[in-house]
Amino acid sequence: MTQRQAKDFWIWLLLLALTLIIVVWGLGEWNPMIHTDSNGLTLLIFVLFVMALIINVINTLYVFFEFNNLKRFRGLFSEHIHSLKRAAKQSISIDQEFSISLIENRLLRRESWVQLSSNLMITLGMIGTVLGLTTSMAGLQSAMNKIELTPSSLAESDLSNLVNSPIDGLTQALSGMSSAFLTTLLGSILGGFFLKALSHSTVNLIEDLLDNIRYKTELEYMSGIRQQIWEREITKAGHVSEKLRSFIGLSGGVEKNLKMIIKELNDATNEMNKFTNSLSQGIGESEKGYLLGSIKDVIKTQNDFTFVLIFALVILTLVSLYQMFF
């Protein structure tokens, strides 16, 4: 593991230790205020923080241990190499960025829950602030209503109520302001600072892992995978060349036989013409017409037979070519 990789993990570990110290120390200070929060948002923020922190720790340790798998050819690195080899069997060009993007999306999706929790904690802090100030305003209004009672309308026995009644409203107002400030403080510190810092360190560690996978793959495996692709394509080209040579040889034989057949048909036609000429000199006009018609029919049949034979040879050649290449 390089120095930058170790630095990313140790920065995350330092932030985690600082976070735990602040949280443990803050529990003693904030515990009474958490229990007095009537809205319950303070407890909800703290529970959400603990869950997000556990997810972040699991994700970070998972990514950190994947660095060791680079040396052992296990885990995500092994999965990445096998994906490239499977893709190389179907294509003549190979690029590892697609497989890297799939691994990156998988790791970042897990960490996105931590970032979502951080934003939710900040939002809950703002909601708690509004609810706390609303409660505070209601308490102040109640206290002011009690103070506005005129002394002339009060009996001597009601003086104690005059003193105690505004105190209840002021207590409610102070409790609302305490809840407002506490929810804002917890949401901002735990969610807006610590969780975001921890998640940022984890994302940096993920990017370092992907860079190492990309670099190690390109350095040690991509040349071998590309060589296998070229060897496969060269083998295919050799098979195609061999089939082409076989086809050329077969075509040469077919062409030679076809020429011989055509030559023999032409010779037969010439002999038939000579025979016709000799016959035409020794027979009458009626026999001559009949004989010429018969000979023309024979020649036509012979030409039709030649055409059918040539067509059959072409079909046979095309079938042989299809079987060779497909």
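How many residues does helix α3 (residues 75-88) have, and how far does the helix reach from its first C-alpha to its last? Select residues 75-88 to find out: helix α3 has 14 residues and reaches 20 Å. That span is close to the 20 Å expected at 1.5 Å a residue. Keep in mind throughout that this is a predicted model.

With helix α3 still selected, pick out its buried residues: Leu 76, Phe 77, Ser 78, His 80, Ile 81, Leu 84 and Ala 88.

Now zoom out to the whole protein chain. Seven helices and zero strands make up its secondary structure, and the pattern along the sequence reads α-α-α-α-α-α-α. The chain has 326 residues, and 31% of them count as buried. Among contacts between residues at least 6 apart in sequence, 86% join residues at least 24 apart.

Next, colour the chain by pLDDT. The average is 74, and 57% of the residues score at least 70. Select residues 41-72, helix α2, where confidence is highest, at a mean of 90. Then select residues 285-325, helix α7, where confidence is lowest, at a mean of 64.

Over residues 150-157, pLDDT stays under 50, and the model has one contact beyond four places in sequence for them. Over residues 159-163, pLDDT also stays under 50; here the model has three contacts beyond four places in sequence. Where pLDDT is low, predicted coordinates should not be read in detail.

Notes: Residues numbered from 1 in each chain as written. Predicted model: local features only at pLDDT ≥ 70, side-chain atom pairs only at ≥ 80, totals over all residues. Heavy atoms only, no water. Helix = DSSP H or I, 4+ residues; strand = E, 2+ residues; numbered from the N terminus. Buried < 20%, exposed > 50% of the residue type's maximum accessible area, 1.4 Å probe, protein only. Contact = heavy atoms within 4.5 Å. pLDDT = per-residue confidence, 0-100. Expected span 1.5 Å × (residues − 1).
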